Amino acid sequence: MLKTEKGRLAINGVSPAFRKPLLVGKPNIPVCDDFNVMLDDILYNEVLTNNGPYVRKMESVFARFTGVKNIVAVNNATVGLMIAAKAMGLTGKVIMPAYTFPATATAMQWIGLEPVFCDIKDYWLDPQHVKNQIEYSLKAKAPVSAILGVHPYGVPKYCREMQDIADTYGVKLFYDAAASFGVKQNSQSVLHYGECSVVSLHATKIINGFEGGFIATDNDELAERCRQLRNFGFAGKEYSEGEGINGKMTEVNAAMALASFAEYDRLVAHNRLIASAYEFCLGFQAWLPEGTEYNYHYAVARYERRDYILNVLAAECVMARKYYWPGVHKTQKQWENCYLPETDRISSRVLCLPTGKQMTVSYAEEIVSIIKLALEIA
Ligand code: T4K
């Protein structure tokens with residue numbers, strides 16, 4: 001039954017709307033039969049990792065699905081970002097938003113690159129700020145080697161403008177597309193944008209490989225360098241040619257991702273229904289760029305009194321999350337002087353609501369009703 005009276009909110013001491021917590025990022029477990037058959041096969045064949053048949057199958061299935069020429073499986077998106085940056089030969093400074101998960105910046109730091117944060121417009125890296133920052137770096141004789149864009153919640157915007165800037169100044173452009181699996185713009189996968197894109201297959205993402213990820217690129221040479229780098233730098237079988245890391249995905253991860261992919265269409269349809277039920281909170285139509293086909297994995301709302309709404313929901317066993325808060329520039333002392341007012345404004349308001357298999361339309365309606373009551377008494 002919907003909570004429609006203020007006195008019935010759990011923050012007033014009455015019982016919560018849900019007994020089992022609803023989580024943002026709760027894994028969508030695929031039908032176990034599919035996965036178990038593949039697991040038996042993997043154990044029977046005794047090929048567990050090192051570019052085995054399930055990893056190769058996953059790469060070709062995802063290449064067909066996305067229309068991107070090369071899919072290079074990796075053990076997670078964080079390592080995928082490092083491999084992509086190394087494969088492009090980046091040096092010095094890399095421009096990125098601070099409105100992201102910390103992995104975007106820490107992956108670059110880990111390989112000796114210097115994150116330079118630019119502010120956002122709505123949720124996205126602001127092209128004008130990026131241009132200004134590149135000009136400033138040129139004057140300071142500390143040039144930028146790349147722009148690392150992020151598709152927040154998997155959704156891109158301003159990609160054409162960003163490509164024009166990259167072309168004008170001769171810098172590389174690549175994307176942290178951690179949450180962009182299946183997302184399209186103008187009927188094309190968004191993984192075509194930039195030199196390459198890195199997608200996460202973490203347990204909390206729409207395609208769940210326990211852990212995992214992949215680099216998507218239409219550039220054959222770049223893909224080959226990524227393949228070499230993810231395997232200790234081995235070009236052939238016998239020896240390593242220079243730099244490398246262990247970025248390989250295991251067979252079990254690939255099997256889980258394939259089992260998860262088998263349910264992708266159904267899951268997106270389900271998420272779309274949940275998003276419609278949430279529409280009062282989300283205003284999706286207002287912020288999804290025109291021509292976007294979204295996977296609706298993240299249900300993103302914004303509130304002036306975000307932390308209050310978060311507490312009201314938590315009392316009801318709805319564990320909303322503040323993705324992405326704090327801005328990454330707030331996470332290390334060396335960045336404390338970064339002035340990113342729009343990033344600060346948005347990250348102090350944003351709130352993600354639960355989606356996925358755990359949800360029903362009536363659960364979403366109940367959550368909307370709770371938020372409406374909370375807003376009335378705020
Ligand atoms: N770039 C961007 C823009 C990203 O968003 C991410 C990751 C990356 C790069 C790096 O990708 P990977 O290297 O991970 O492939 C979670 C995920 O761990 C992280 O992958 C994801 N983004 C981020 C947005 O969300 P946390 O630290 O907030 O996760 P955690 O452990 O609090 O889990 C979220 C919720 O899910 C919790 O309520 C518990 C629940 N959960 C989680 C796991 C792992 C489960 O119920 N079962 C589980 O197995 O980062």
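Student: How do the residues of the lining of the largest cavity divide by class?
Tutor: That lining divides into 8 nonpolar, 2 polar and 1 charged residues, where Ala, Val, Leu, Ile, Met, Phe, Trp, Tyr, Cys and Pro count as nonpolar, Asp, Glu, Lys and Arg as charged, and the others, Gly among them, as polar. Bear in mind that this is a predicted model, in which local features need pLDDT of at least 70 and side-chain atom pairs count only at pLDDT 80 or more, while totals for chains, interfaces and linings use all residues. Residues are numbered from 1 along each chain as its sequence is written, and side-chain values use heavy atoms, with hydrogens and water left out.

Student: And what counts as a cavity here?
Tutor: On a 1 Å grid over the protein atoms alone, a cavity is a set of points where a 1.4 Å probe fits but cannot get out, whereas a pocket is an open set with protein on both sides within 12 Å along at least five of seven lines; a lining residue has an atom within 4 Å of a point. Grid points are joined across faces, edges and corners, and a volume is the space filled by probe spheres set on the points.

Student: OK, how many cavities of 30 Å³ or more are there, and which residues line the largest?
Tutor: There are 4 cavities of 30 Å³ or more, and the largest, with a volume of about 70 Å³, is lined by Trp124, Leu125, Gly149, Val150, His151, Pro156, Lys157, Tyr158, Cys159, Met162 and Tyr175. Two or more of the lining residues come from each of β6 (124-125), β7 (144-150) and α6 (159-169); helices (H or I, at least four residues) and strands (E, at least two) are DSSP runs, numbered from the N terminus.

Student: What about the second largest cavity?
Tutor: Its volume is about 40 Å³, and its lining divides into 3 nonpolar, 4 polar and 1 charged residues, including Phe65, Ser180 and Lys184.

Student: Switching to pockets, what is the volume of the largest one?
Tutor: The largest pocket has a volume of about 530 Å³, and of the 29 residues lining this pocket, Phe101, Ala178, Thr204, Lys205 and Tyr298 are the closest to its centre. The elements giving two or more residues to the lining are α3 (77-87) and α4 (103-110), with the largest share, 3 residues, coming from α3.

Student: Back to α6: at what angle does α5 pack with that helix?
Tutor: α5 and α6 pack at about 15°, their axes 10 Å apart, where axes are lines fitted to C-alpha atoms, for helices over the stretch in contact, and angles run from 0 to 180 degrees between N-to-C directions. That makes the two helices roughly parallel, the word for angles under 35 degrees, with roughly antiparallel kept for those over 145. In α5, Pro127, Val130, Lys131, Ile134, Glu135 and Leu138 meet Glu161, Met162, Ile165 and Tyr169 in α6, contact being heavy atoms within 4.5 Å. By class, this contact has 7 nonpolar, no polar and 3 charged residues.

Student: Which residues does Gln133 touch, leaving aside its neighbours within four places in sequence?
Tutor: Gln133, which sits in helix α5 (residues 127-139), is then in contact with Ile95, Val116 and Cys118.

Student: And are α1 and α8 parallel or antiparallel?
Tutor: Helix α1 (residues 32-45) and helix α8 (residues 251-261) pack at about 155° with axes 9 Å apart, and are therefore roughly antiparallel to each other. Asp34, Phe35, Met38, Leu39 and Ile42 in α1 meet Glu251, Val252, Ala255, Met256, Leu258 and Ala259 in α8, a set that divides into 9 nonpolar, no polar and 2 charged residues.

Technical notes
Parallel < 35°, antiparallel > 145°, perpendicular 65-115°, else oblique.
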